[in-house]
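This report describes one protein chain for a reader who has not seen it before.

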Amino acid sequence: ELGCGFGRNIFTLAGADPARRFIGLDVSPHAITAAAQIAAHFGVNERATFDVLDLGNRADPNWTYLRGRAVFTYYCLEQLKYSMPQVIDNIMAAAPRRVIHVEPCVERLRLWSPEDLVNYLYILRQDYQDSLLTIVRHRERSGPLRILDEERLYYAPTIRHDPTLICWEPRPAT
């Protein structure tokens, strides 16, 4: 998971599938330290690895964790508004097998709906990213990736701020 924070999603997945190993990456060394301590406390440190990764830095050596793996983000990219194209390109360059985003996408909002208008205004007010779906669609048209699914999810961790599921995979180089 990119942007794993203290590991909540990783611990949930590890509990649901004890046979698998999981990797959580985050820009915050403090979050990674907390995640590692929680993993050790609950005895899942053999199946959960945590490390630091700066999504904006293509030279970060921890991009190697992504090669050939399924990768997901959950409300992590919203704070990277001004570096979204670079982040998507960095993820593609790391050569994951598949990428799953569960992120708010203004492109899916129906602004005539009061609820969606509140979502949109919240995103604007927080200065959250507003171009993820547009960038991924553009990368698909220009060739380096293929969108497998794109679907609005009608739930949110708060009363507003619904996410969209975007699933894509890099196209093999020709």
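## Leu117 and the surface patch

Leu117 has a relative accessibility of 35%, so this residue counts as partly exposed. Leu117 sits in helix 4, which covers residues 114–126. Together with Leu111, Leu121 and Leu124, Leu117 makes a nonpolar surface patch of about 330 Å².

## Confidence

The model is predicted. Mean pLDDT for the chain is 94, with 98% of its residues at 70 or more. Confidence is lowest in helix 4, where the mean is 91, and highest in strand 1 (residues 22–26), at 98.

## Strands 1 and 2

Five bridges pair strand 1 with strand 2 (residues 48–52) in the parallel sense.

## Salt bridges

The whole structure holds eleven salt bridges. One of them joins the side chains of Lys81 and Asp130 at 3.7 Å, N to O. Lys81 is in the loop between strand 3 and helix 3, and Asp130 is in the loop between helix 4 and helix 5, 49 residues apart. Asp130 counts as partly exposed because its relative accessibility is 30%.

Glu169 and Arg146 also meet in a salt bridge, at 2.4 Å, N to O. This pair links strand 6, which holds Glu169, to strand 5, which holds Arg146, across 23 residues. Glu169 counts as buried at 15% relative accessibility, whereas Arg146, at 37%, counts as partly exposed. Elsewhere, salt bridges with shared partners join Arg110, Asp116, Arg152 and Asp162 into one network.

How values were computed. Residues are numbered from 1 along each chain as its sequence is written. This is a predicted model: local features need pLDDT of at least 70, side-chain atom pairs count only at pLDDT 80 or more; totals for chains, interfaces and linings use all residues. Side-chain values use heavy atoms; hydrogens and water are left out. Patches are made of residues with over 30% relative accessible area and no salt bridge: like charges are joined within 9 Å, nonpolar side chains (Val, Leu, Ile, Met, Phe, Trp, Tyr) within 5 Å. Accessible areas come from the Shrake-Rupley method with a 1.4 Å probe; for residues, only the protein chains shown count as cover. A salt bridge is a side-chain nitrogen of Lys or Arg within 4 Å of a carboxyl oxygen of Asp or Glu. Helices (H or I, at least four residues) and strands (E, at least two) are DSSP runs, numbered from the N terminus. Buried means under 20% relative accessible area, exposed over 50%, partly exposed in between (1.4 Å probe, protein chains only). pLDDT is the predictor's confidence in each residue, from 0 to 100. Two strands pair if DSSP finds at least two bridges between them.
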